[in-house]
Amino acid sequence: MVILHHVDPRMIPGLPEFSGASGFLFWRLRSFGASGVDLFFVLSGYLVGGLLLQELEKYGRINIPRFILRRGLKIWPSYYFVLLVLAITGVTGCIDGSSAASMARSLAIHGFFLQNYLDREHLTPTWTLAVEEHFYVTLPFLMAVIHRRRRLSLLWAVSLGCLALCLVLRLLHLRFTPQSTDSILTHNRFDTLLLGVFLAWAWREYPDRIRALTRNRWRAFAAVAVLISPAFFLTRQSPVLLSAGYTSLALGYGLLLLTVVAHGFGKLETCLPGRILRRIGLWSYNIYLWHYFLPLLLAPVYNPAQLWLSRLVPSPIVTLILQVSLFAGLAVLAGWFFTRFLEEPCLRWRNRRIPSRTVPVQIN
């Protein structure tokens, strides 16, 4: 979905122009793809929250430094390698190499995951990693405080309060300091992540109720479609989407996640396309990291290739498929390479030195 959102002339030179109904559908789907980030936040909260709930259940406490270090060793190696490449090449300008001082400042901002506050001018997909890191640091403390009161059931109230608070904060931004990048600020997006944590707790405590709630999957999917529809009809700069729209997306993707958790993926789990998607999913972090930067890093070769594809056939639909395939294919190839030769060796080292205290959270 995020790759689809970045299908634009900057990423794909020679991209066909569409008008009329096909143009409306293409640009609406492209805009809708950005909501993949909202789905990712809900899913991330569910998975990470599930790990912490397991740890509390098994040990009665959360080893916070251990948790943060293990999560960091999943995120940091690939991310810091990307920063190194961006610093050397100067691509996107997010690492300012005009002087030693500006280089140090840029590296500090991005190295400590502060870019969604201190470098909103150079908007790249790494802002989501900043939000995630802030979430990883905050969540275990929050859950530890709730657990000390022996009231994990308060998660529903905390999540509901966070949904309301973030909505109010977004409305205040729109009223007093409106900027198109308000959506990347952690305090405006924390609600979606915390909702995922609440869903992890709810599934552990009330699986039968959730199965009953989502038993009619078509009705559940219809409700999901209504809740996430603002992302199809509104742009990311729309005041409605920047305020109540993000709350609606969080609830919609939360319901989608619960439905899948309760009933599985059906035949998709065993068919060939499903197995291929599962394999590609193992590389998804590095696919996400590199997909935006590869066309810029490889521009001397990549741009002529895309322009050649744009002239290959007269059909704009076929041209679009070919060009997007090259764009996405490069990202998948990079995802496989950096997962295989950078992320996995670091994870093996991490697991030997800092063994997990829990088991991976399963979706179904």
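Asp119 is buried (under 20% relative accessible area; exposed is over 50%, partly exposed in between, with a 1.4 Å probe and protein chains only), yet Asp119 has no salt bridge. A salt bridge needs a side-chain nitrogen of Lys or Arg within 4 Å of a carboxyl oxygen of Asp or Glu. The nearest side chain of opposite charge, Arg105, is 6.4 Å away. For charge, Lys and Arg count as positive, Asp and Glu as negative; His and the chain ends are not counted.

This is a predicted model: local features need pLDDT of at least 70, side-chain atom pairs count only at pLDDT 80 or more, and totals for chains, interfaces and linings use all residues. Residues are numbered from 1 along each chain as its sequence is written, and side-chain values use heavy atoms, with hydrogens and water left out.

**Around Asp119**

Asp119 lies in the loop between α6 (115-118) and α7 (127-148). Helices (H or I, at least four residues) and strands (E, at least two) are DSSP runs, numbered from the N terminus.

Which side chain makes a polar contact with the side chain of Asp119? That of His110, at 3.0 Å. A polar contact is a pair of N or O atoms within 3.5 Å; within protein, one must be able to donate a hydrogen and the other to accept it, and residues adjacent in sequence count only if both atoms are side-chain atoms.

Leave aside neighbours within four places in sequence. Asp119 is then in contact (heavy atoms within 4.5 Å) with Cys94, Ile109, His110 and Leu114.

**Cysteines**

A disulfide is a covalent bond between the sulfur atoms of two cysteines. Here the cut-off is a pair of cysteine sulfur atoms within 2.5 Å. The whole structure has zero disulfides. The closest cysteine sulfur to that of Cys166 is in Cys162, 4.0 Å away, so it is too far for a bond.

Several residues count as buried:

| Residue | Relative accessibility |
|---|---|
| Cys94 | 2% |
| Cys166 | 3% |
| Phe113 | 4% |

**Positive phi**

Phe113 sits in the loop between α5 and α6. Its phi is near 60°, a positive value in a residue other than glycine. Thr92 is in the loop between α4 (64-89) and α5 (100-111), and its phi is near 75°, also positive.

**The whole chain**

The protein chain has 18 helices and zero strands. Of its 364 residues, 48% count as buried. The C-alpha trace spans about 65 × 50 × 50 Å along its principal axes. Among contacts with a separation of 6 or more, 77% join residues 24 or more positions apart.
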